[in-house]
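Morning, everyone. Please put the structure up on the screen, and then I'll walk you through it.

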Amino acid sequence: MANVGIFVGSSSGVTQAAAEQLEALFEEAELINMEEDYDDLEQFDAFDILLIGSSTWGQGDPQRDWVDPLYALENEAPDFSAKKVAFFGAGDQDTHGEEFISALGKMKDIFSRLGADTEYGYWPAEGYTYKYSRAEKDGRFCGLAIDDVNQAELTEERINRWAEQLKYEMGL
Ligand SMILES: Cc1cc2nc3c(=O)[nH]c(=O)nc-3n(C[C@H](O)[C@H](O)[C@H](O)COP(=O)(O)O)c2cc1C
């Protein structure tokens, strides 16, 4: 049984590419694309560690393939208290800096309410310029912020560093 489940929603492939890089960096990781591979909440059961990926759309909303799963998670409220959860996702700090990667903040709130330990993979907001992010508190994002629109040259290294950080924090 794979231990790390990487669940990702991505419309133009940026967060999907990040998920694929992460899959290669973790042993026994399985990638679940929310449009192609996801059927129901039971798929979360197979993993102790969840890496939750989503780009941000609309007014700071999670990517569309997450809408139904998040609704089900909130309504059925499975017990995730044994799970370690970290978040990552793409956004655009320049054109959409009023809600930069806000989806990660919304998703973190939902998984926290299920009892999951979501204190992993926090990432410094230094080096990003934006007006507001629901994902940021006290100078840290609640997950990895990727911006391929404005800072594509930093993406690969950010993902590598974040994976190292997670392995350290989670004792992997
Ligand atoms: C209509 C529209 C709305 C968007 N809204 C946001 C937003 O609220 N916050 C943000 O950080 N990025 C926003 N973005 C930028 C996307 O998240 C960005 O292009 C991202 O790279 C898409 O990643 P994906 O290919 O994984 O879906 C928006 C983009 C579009 C076209």
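Two notes before we start. This is a predicted model: local features need pLDDT of at least 70, side-chain atom pairs count only at pLDDT 80 or more, and totals for chains, interfaces and linings use all residues. Residues are numbered from 1 along each chain as its sequence is written.

Overall fold. The protein has four helices and ten strands. Those are DSSP runs, numbered from the N terminus: helices are H or I with at least four residues, strands are E with at least two. From the N terminus, the order reads β-α-β-β-β-β-α-β-α-β-β-β-β-α. The C-alpha trace spans about 40 × 30 × 30 Å along its principal axes.

Why does the radius of gyration agree with a compact globule? Because a compact globule of 172 residues would be near 16 Å, and the protein has 14 Å. That radius is taken over C-alpha atoms, and the globule rule is 2.2 Å times the number of residues to the power 0.38.

Now burial. Of the 172 residues, 44% count as buried. Buried means 20 or more other C-beta atoms within 10 Å of the residue's own; exposed means 12 or fewer; partly exposed is in between; C-beta atoms are placed from the backbone.

Take Ile6. Ile6 sits in strand β1, residues 4-9. Is Ile6 buried or exposed? Buried, because it has 23 C-beta neighbours inside 10 Å. Ile52 is 46 residues away in sequence, yet the two C-alpha atoms are 6.0 Å apart. Beyond its neighbours within four places in sequence, Ile6 has contacts that include Ala19, Leu22, Leu31 and Gly53. Contact means C-beta atoms, placed from the backbone, within 7 Å.

Next, helix α3, residues 102-113. Its twelve residues reach 17 Å from first C-alpha to last, close to the 16 Å expected. The expected span is 1.5 Å times one less than the number of residues. Its buried residues include Leu104, Met107, Ile110 and Phe111. Just after α3, Gly115 takes a positive phi of about 95 degrees.

Last, the ligand. Which of the 23 residues around the ligand come nearest? Ser10, Ser12, Thr15, Ser55 and Gly91. Two elements, α1 (14-25) and β4 (56-57), each give two or more residues to the shell. The largest share, three residues, comes from α1. A residue is near when its C-beta atom, placed from the backbone, lies within 6 Å.

Notes:
Two residues are in contact if their C-beta atoms, placed from the backbone, lie within 7 Å.
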